[in-house]
Amino acid sequence: MLARLRVKQFDWFNLINIIILSLAALSCLIPVIHIAALSLSSSTAAATGVVTFWPVDFSLNSYDYVIKRSQFWMSMLVSVERILLGGGINLLLIILCAFPLSKERTEFRARSFYAWFFFITMLFSGGLIPWYMAIRQYKMLDTIWALVLPGAVPVFSVILMLNFFREIPKELAEAACIDGAGQWRILWVIYVPTSMAAIATVLLFSLVGHWNSWFDGLILMNNPEHYPLQSYIQTIVVQRAYSMLSREEIQQLATISDRTLRSAQIFLGSLPIILVYPFLQRYFVKGIVLGSVKG
Amino acid sequence: MLKFKREIPLHLMILPGVILLLMFHYIPMAGIVIAFQKFIPAKGLFGNQKWIGLDNFDYVFHLPNFLSVINNTVVIASYKIVLGLIVPIVFAILINEMKNKRFKSLIQTTIYLPHFLSWVVLGGILIDMLSPSDGLVNKFIKLTGGDPVFFLGDNHWFRFTLIFSETWKEFGYGTIVYLAAITGIDPNLYEAAQIDGANRWKQTLHVTLPGMRMVIVLLMVLSLGNLLNAGFDQVFNLYSPTVYESGDIIDTFVYRIGMLDAQFGVATAVGLFKSVISFVFVSVAYFCAYRFADYRIF
């Protein structure tokens, strides 16, 4: 009887809820759609401001211009290199650090020392200038290592990983130990294969982090040719540093609207993430939950 | 002895990570000595620099804009912290009330998107969309009969723009944790509430929110550590000299003094000032979370 009554009553709350959530979701999509539409419009259409959510006077001129710029490809190459190298190093170190830290104090007596050693880095930092000076001292400026090594141990991901390792039943490791397996073997043969979901999560965080990083490239690379893509976009789009362009390029720029060109580069900078993240969503959802609130 | 032998591989595993943390966290921590030196970069970190005591701090504290920078940082960060807590809670509840699974996951996927875009990309997009002459937002404002607003160039609007856009970027991602907490609530509680005649609103108030209480308190306490983090990436990509008055924060200030003006000692002093205060806040936050929510990070 009760259920019937509820069906007849029009569910106002539900309608309002759908409207609110749809508006919120649209607010997240509109900026990206707008920028994509701008980048695919003709320069006159973009300059006169008639473009909203669909390309007006469709044109690929801006993309044509971007892909002919050698600077764009050089930056892309740096980004790819940093993602592969940085992601790999991150993953390896996360696993190697998380395994000993996941042990009980009885199994690994130095555990609390190391835990504090890692924890303190989350509490205190020397700040930007000493950090920069140290990297300079190591002679890493202008090399790929400056983009990869300073963040080589993402402590948050280590925590996430070690929490995952702790969930793995101890009996597995003990049985392997009796069979004569050492710690290395236990890690690679038992822990790593059972933790693929967590590994995917931390790897995803690393890859996205490396792709999105721009500030380190900006200050640690003296030569703009060594900028990763996001740093390059930052100088072109946000700082509008035209001094980086040659005279021919500036002349060519006059024929393409600055606005479509900027839009095209912004869109290209976000494209890999837009393409990839919906498929990896379940991993990071799992990861964030595991990492931030547990037990 | 046998035990020690078994522990050797564990030490070896953690060694590379420890070395890298030493190089890129602990050495820079020791590098705060720059704050007490008349630092000449050519002589190198820990080189033979001239010690000048607290002169750098004295200089900074007497700069006319220093107080306004601190004020901007705390105000912007506080608003971001408060909204960053409330808005995701509201949306987590709204999403949870959505019974259509397809629609629900579509909404979720969409609202996570801005979190994954860098502030370079979003900065570029916002600069375009908020432009007073041909930006999409101002076109809309003009269409509804309002006067165009220079969101990024007007000191009355700049902070609002920062706070609003940050909240917008992170609200979707913020719902994840709360949604997980809601999933953990015993469904019997809802049934019991229904039998007692509680409507949806009452159920939210008396079942859902109390069920999220632990997580809310925990995130509230932990967010305390961000009181001086007003969001360097965002401000750096959106600000300009006209809005320094309302939007210049400690981190951007340090960057300009240190990297652009090359006053390394002074910049390190400001950075150290921030690090020390942040250290207190973060430590207190973790301690409270540990005491009251039994939160253990390692």
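The largest nonpolar core of this predicted model comprises 144 residues, and those with the most contacts inside it are A:Cys97, A:Ala98, A:Val158, A:Met161 and B:Val270. Such a core is a set of buried Ala, Val, Leu, Ile, Met, Phe, Trp, Tyr and Cys residues joined through C-beta atoms within 7 Å, where buried requires 20 or more other C-beta atoms within 10 Å of a residue's own, with C-beta atoms placed from the backbone. Local features need pLDDT of at least 70 and side-chain atom pairs count only at pLDDT 80 or more, while totals for chains, interfaces and linings use all residues. Residues are numbered from 1 along each chain as its sequence is written, and chains are lettered from A in the order in which they are written.

- From chain A, at least three residues each come from domain 1 (2-60) and domain 2 (63-292), with bounds taken from an automatic or database domain assignment.
- B:Val270 touches B:Val60, B:Ile250, B:Phe253, B:Val254 and B:Ile257, leaving aside residues up to four places away in sequence; contact means C-beta atoms, placed from the backbone, within 7 Å.

**Contact between chains A and B**
- Chain B and chain A each contribute 73 residues to the contact, and on the side of chain B helix H1 (residues 2-30) gives the most, with 16 residues.

**Contact between the domains of chain A**
- Domain 1 supplies 10 residues and domain 2 supplies 12 residues.
- On the domain 1 side, helix H2 (12-39) and helix H3 (43-48) each supply at least two residues, and H2(A) gives the most, with five residues.

How values were computed
A residue is buried if 20 or more other C-beta atoms lie within 10 Å of its own, exposed if 12 or fewer, and partly exposed in between; C-beta atoms are placed from the backbone. Two residues are in contact if their C-beta atoms, placed from the backbone, lie within 7 Å. Helices (H or I, at least four residues) and strands (E, at least two) are DSSP runs, numbered from the N terminus.
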